[in-house]
Amino acid sequence: MTQDEMKQAVGQAAVERLLPHLDADSIVGVGTGSTANCFIDALAKHKLAFDGAVASSEATAERLKSHGITVYDLNGAPQLDFYVDGADESNENLELIKGGGAALTREKIVAAVAKTFICIADESKLVPVLGEFPLPVEVIPMARSHVAREIVRLGGDPVYREGCITDNGNVILDVYNMSIVNPKQLEADLNAIVGVVCNGLFAARPADVLLLGTPQGVRTIE
Ligand code: 5RP
């Protein structure tokens, strides 16, 4: 199985997990990235089984709309039972690094609102300790140098993501060389830096379920 086939398999598995719970009023939270796109394409085949979706990025909103799925503003969505999204890394506790696609802030907001967060990923994303993947931090542009200095004090090596402006008009610092043994603490420490909008650690609110694509099939961790 190729990596793309594993992504398609977990996208399909997420749809199958959701379907028995969907009705005409259901609104589904949808993440961002290539694995989330596989989920969107599989979900679109059942678009009459639910009302619509809340998107975690402009790119996801466009893809949903291209399938004829209604996209709601989160503020207008009365209830969100499920959020489905990919990840850059997950540990066995389903604490995640996200934000490789720069959508981390909206992803974290939609995940916070949803009752159940289903993470979908191919097996390369499951790691013993988070931090091999550089940790994205969304920053208010004028605070970029200040935040970078504070991150160095925390032991990381921040690198400005050239040419990247988030959907919220901010910039991204990717933090290298951090072995993240206490994700909740680091998530809180980064959030405490003035000028940080959000960081890509999903530890205070981890995923509830991880559907992991492997050559042998989809493995479920929950
Ligand atoms: C975007 C994300 C994505 O979920 C993450 O980057 C994984 O992407 P992909 O499924 O393409 O590997 O957090 O901000």
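An oxygen atom of the ligand lies 3.5 Å from an N or O atom in the side chain of Asp 85, a polar contact by the cut-off used here (a pair of N or O atoms within 3.5 Å). The protein covers 90% of the 380 Å² of accessible area that the ligand has on its own; areas come from the Shrake-Rupley method with a 1.4 Å probe. This is a predicted model: local features need pLDDT of at least 70, side-chain atom pairs count only at pLDDT 80 or more, and totals for chains, interfaces and linings use all residues. Residues are numbered from 1 along each chain as its sequence is written, and side-chain values use heavy atoms, with hydrogens and water left out.

**Ligand site**
- The ligand is surrounded by 17 residues (a heavy atom within 4 Å).
- Ser 34, Thr 35, Asp 88, Gly 99 and Lys 125 are the closest of them.
- Ser 34 places a polar side-chain atom 2.5 Å from a ligand oxygen.
- Ala 103 contributes a polar backbone atom, 3.2 Å from an oxygen atom of the ligand.
- By class, the shell holds 3 nonpolar, 8 polar and 6 charged residues; Asp, Glu, Lys and Arg count as charged, Ala, Val, Leu, Ile, Met, Phe, Trp, Tyr, Cys and Pro as nonpolar, and the others, Gly among them, as polar.

**Pocket and cavity**
- The ligand takes up the second largest pocket, an open set of points on a 1 Å grid with protein on both sides within 12 Å along at least five of seven lines.
- The whole structure has 1 cavity of 30 Å³ or more, a cavity being a set of points where a 1.4 Å probe fits but cannot get out.
- The volume of the largest cavity is about 30 Å³, counted as the space filled by probe spheres set on the points.
- Its lining (an atom within 4 Å of a point) includes His 21, Ser 26, Asp 81 and Phe 82.
- That lining has 4 nonpolar, 2 polar and 1 charged residues.

**Confidence**
- The protein chain averages a pLDDT of 97, on a per-residue scale from 0 to 100.
- 100% of the residues score at least 70.
- The complex receives an ipTM of 0.98 and a pTM of 0.96 from the predictor.

Terms used: Polar contact = N/O pair within 3.5 Å; in protein donor to acceptor, adjacent residues only side chain to side chain. Sits in = over half its atoms within 2 Å of the grid points. pLDDT = per-residue confidence, 0-100.
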